[in-house]
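Subject: A structure to look through

Dear colleague,

Please find below the structure that I would like to hand over to you.

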Amino acid sequence: MSYTKWVSFLLVFLCIHTMNAQDNLTGYWQPQVAINYDVAPLYSHNFSVTNRNYVLNDSEVQLSVRQLDVAHFSNLKIQDNQSIALGVQYRFRNAFEGRGDELRFTQQYNFTKKPMTIRYGHRFRAEQRITKSPTIHRFRYRFTMDFPLKGETLNMGEAYFVGNLENLLSVSKMASPEYDVRLTGQIGWQLQGGLKLQTGLEYRLENFSSGVPQNVVFLLTSAQISL
């Protein structure tokens, strides 16, 4: 299957799931701004601000802010294609919905491989989500593939595709385990000055082992700057 057909298939898949899930669907628009910079040859920092906004809630159009996330990651490259990272994130939600804020700690291992044009990535994360309720421990595995949409190498100003498939397990003392799956497809552009722009869709099937799983669709937009 060619790259173009693969991208088209993924986007059609997301749209079909969205239409089939209208009776139990929440839609968000989620813009993000991120800054990456190197502290040392093998050590780097990442800062990001992410805003999540309702677009569709309980089958009704609703334009309102749900939360604001501020996050920092420290990344250490242990080999050319492997890295480990520690992250901390604070989620401001009480000011927008009257629900408690969240403090989150993350431990991460990332492995990439590029045998030909396509680059593959495997990311493993453990998270501790701290709120007024008992702490939620979440374990995540994400498979990623990205490639240029024109030619075999990505040149300045050209577009590329990023696709993710992620599985998540959340456990806590006061609730049954929760299983989620996420499927994402985005188109990005590598621009001058270390700037990347990306946009696409993400479909989430949340708590799919329960009798009433939640269907969530995101419109994603992001700007990433590497200094």
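This is a predicted model: local features need pLDDT of at least 70, side-chain atom pairs count only at pLDDT 80 or more; totals for chains, interfaces and linings use all residues.

Residues are numbered from 1 along each chain as its sequence is written, and side-chain values use heavy atoms, with hydrogens and water left out.

**Overall layout**

The protein has two helices and 11 strands, which are DSSP runs numbered from the N terminus (helices are H or I with at least four residues, strands are E with at least two). Along the sequence, these elements follow the pattern α-β-β-β-β-α-β-β-β-β-β-β-β. The 11 strands close into a barrel in the order β1-β2-β3-β4-β5-β6-β7-β8-β9-β10-β11, with mixed pairing, and two strands are said to pair if DSSP finds at least two bridges between them. As one example, strand β3 (residues 60-79) and strand β4 (residues 82-92) pair in the antiparallel sense over 11 bridges, and Leu68 has Phe92 in β4 as its bridge partner.

Of the 227 residues in the protein, 38% are buried; buried means under 20% relative accessible area, exposed means over 50%, and partly exposed lies in between (1.4 Å probe, protein chains only).

**Salt bridges**

A search of the whole structure finds 12 salt bridges, each being a side-chain nitrogen of Lys or Arg within 4 Å of a carboxyl oxygen of Asp or Glu. In one of them, Asp69 is joined to Arg91, and the closest N and O atoms are 2.8 Å apart. This pair links distant parts of the chain, with Asp69 in strand β3 and Arg91 in strand β4, 22 residues apart. Asp69 counts as buried at 8% relative accessibility, and Arg91 is buried with a relative accessible area of 8%.

Arg123 forms a salt bridge with Glu166, where the closest N and O atoms are 3.3 Å apart. Because Arg123 lies in strand β6 and Glu166 in strand β8 (residues 159-172), the pair ties together parts that are 43 residues apart in sequence. Arg123 is buried at 10%, and Glu166 counts as buried at 5% relative accessibility. A network of salt bridges links residues including Asp69, Arg91, Arg123 and Glu166.

**Nonpolar cores**

Which residues make up the largest nonpolar core? The six residues are Ile118, Met145, Phe147, Ala159, Phe161 and Ile187, and the elements that give two or more residues to this core are β7 and β8. Apart from this core lies another, of five residues, among them Tyr28, Tyr54, Val216 and Phe218. A nonpolar core here is a set of buried Ala, Val, Leu, Ile, Met, Phe, Trp, Tyr and Cys residues joined through side-chain atoms within 4.5 Å.

With best wishes
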